[in-house]
Amino acid sequence: MLMPPAWYGIPELSIVERRMLGIVVYAIIMWISEAVPLWTTSISILLIMLFLVSDAGLRVFTQGYDTYTLGYLVKYRSIMSTFADPVLMLFLGGLSLATAATSVGLDVKLARAMLRPLGDRSEGVLLGFMIVTATLSMFMNNTATTALMFSVALPILRSLPGKSKDKLPIILSIPIAANLGGMATPMGTPANLLALNFLNDPKGMGMDMTYGDWIFYMMPLTIFLVFVSWLLLLWLFPFHHKNLFLDIKSTTENKRRQKIVTATFFVTIMLWILEPYLGSNTYVTGIFPLAVLTMTGIIGRLEIRHINWEVLWLVAGGLAIGVGMDETHLAHRLVRMVPFYSLNPWVLALSAGFVCFLLSTFISNTAATKLLLSILPMALTTNPSINGDKGLMVMVIMGVTASASLAMALPVSTAPNALAYAFEEVEQKQMAKAGLIIGIMGMLVTYLLFSYLSFANYM
């Protein structure tokens, strides 16, 4: 915060931007080192931002400067609203479904139904989880899919010994598959829809790319990455038990309570799937199970206390970083520092993907994609090596979008990662190891595949 901007090569930073950059560096150091629990770092981030960079900050930090020198202050309401962000409401809904399923024994029935066709070989069960999760994520919100799949996985995890390392690949497989599955269809993530709209905008690239075109290019990539990620998880975290047996009795035989939870599960999933036709959205639907299950008494005071509130605060810190980087204009300045307009096409594509990957590690995938898509049009049209070559332009845009989904190295990188981290068996370094390898490998495979296909339909 106190170093002159020239020392780290970013000239003309405002005071608020320098402070925000310092907060980002602080967050990275604290989250990676785990000097204190991750959720406590998130709370401290919100406090520091409110004092130093908000429009309700301490006077000594916000007054006595001219507007240009100080820069853009962040609205304090924007920072504090991260504690009630729609993503967190979706978390509450998903966690309430998982809690209810466990309390009435529905999770065991779901797990048995899933394991029956997969057999009991550990490797087969892991691959089955990844295929089902990735498939659901193609049509449902990644966070909702992750919460649903953890409801199914809980009985299997409970059936393993307390500190069994066999839990790790199962826990990590779900967020990884959810993130990868979201790449395959335009509705998989909001970032995909942003990219598709940008590609089809008559005032922009005017590609007339259909949903089918997107799936044609992205589905093979998703299938390949899911399979490779399965092999990687088996290599990084090999199973000690060759078979996974599910021999757990339901915690309750109350048929009425099971029917209520089953109906709530079914209606919630249908609301998520039918969003485009109903006019609602994933986050609003996330409140539905919480309201129904508390009103019917399935979830009471005791169950509410057992919900993992720490993971909600952890996510709030990541969202606050994104808000701060956006409203102070720091993110825009960092992206504009990359001279996209003068780069070789391959270097431009990889640079844009890496920048999006880096940003998405700390802010939302949608925000990172939106930011890059606001910068790249000028770079693509002014770069003499790319302008007019629609195949290369599409490769850059879709590569950036895929890179956003591949950023899953930290618990704050994606909501599915945060849900997985809520399990005490997962250490951040284990998540980072798998996430970085899959992310970097996935970006390289993405660009190699797109280069090979050459997007002949658009050239």
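Average pLDDT, the predictor's confidence in each residue from 0 to 100, is 79 for this protein, and 87% of the residues score at least 70. Over residues 455-459 the pLDDT falls below 50, yet this stretch has 16 contacts in the model beyond near neighbours in sequence. A contact means heavy atoms within 4.5 Å. This is a predicted model: local features need pLDDT of at least 70, side-chain atom pairs count only at pLDDT 80 or more, and totals for chains, interfaces and linings use all residues. Residues are numbered from 1 along each chain as its sequence is written, and side-chain values use heavy atoms, with hydrogens and water left out.

**The largest pocket**

- The largest pocket has a volume of about 970 Å³.
- Among its 39 lining residues, Val87, Leu319, Ser364, Asn365 and Thr366 are the closest to its centre.
- Two or more lining residues come from each of helices H6 (86-104), H9 (142-159), H17 (309-327), H18 (330-336), H20 (365-382) and H22 (415-421).
- Helices here are DSSP runs (H or I, at least four residues), numbered from the N terminus.
- The lining divides into 18 nonpolar, 18 polar and three charged residues.
- Ala, Val, Leu, Ile, Met, Phe, Trp, Tyr, Cys and Pro count as nonpolar, Asp, Glu, Lys and Arg as charged, and the others, Gly among them, as polar.
- On a 1 Å grid over the protein atoms alone, a pocket is an open set of points with protein on both sides within 12 Å along at least five of seven lines, while a cavity is a set where a 1.4 Å probe fits but cannot get out; lining residues have an atom within 4 Å of a point.
- Grid points are joined across faces, edges and corners, and a volume is the space filled by probe spheres set on the points.

**The cavity**

- A search of the whole structure finds one cavity of 30 Å³ or more.
- The largest cavity has a volume of about 50 Å³.
- Its lining is made up of Leu172, Pro175, Ile176, Met408, Asn417, Met431, Ala434 and Gly435.
- Six lining residues are nonpolar, two are polar and none is charged.

- Helix H1 (residues 15-33) has 19 residues, so at 1.5 Å a residue it should span 27 Å; its end C-alpha atoms are 27 Å apart, which agrees.
- The expected span is 1.5 Å times one less than the number of residues.
- Buried residues of H1 include Ile15, Val16, Met20, Leu21 and Trp31.
- Glu34 follows H1 and has a positive phi, near 55°.
- Helix H2 (residues 38-52) reaches 21 Å from its first C-alpha to its last, close to the 21 Å expected for its 15 residues.
- In H2, the buried residues include Leu38, Thr41, Ile45 and Leu52.
- Buried means under 20% relative accessible area, exposed over 50%, and partly exposed in between (1.4 Å probe, protein chains only).

**Single residues**

- Thr369 lies in helix H20 and is buried, with a relative accessible area of 0%.
- Not counting residues up to four places away in sequence, Thr369 touches Ala191, Cys356, Thr401 and Ala404.
- His329 sits in the loop between H17 and H18 and is partly exposed, at 33% relative accessible area.
- Although His329 is not a glycine, its phi is positive, about 70°.
- Tyr8 belongs to the segment before H1 and counts as partly exposed at 27% relative accessibility.
- Leaving aside neighbours within four places in sequence, Tyr8 is in contact with Met3, Leu13, Arg18 and Leu21.
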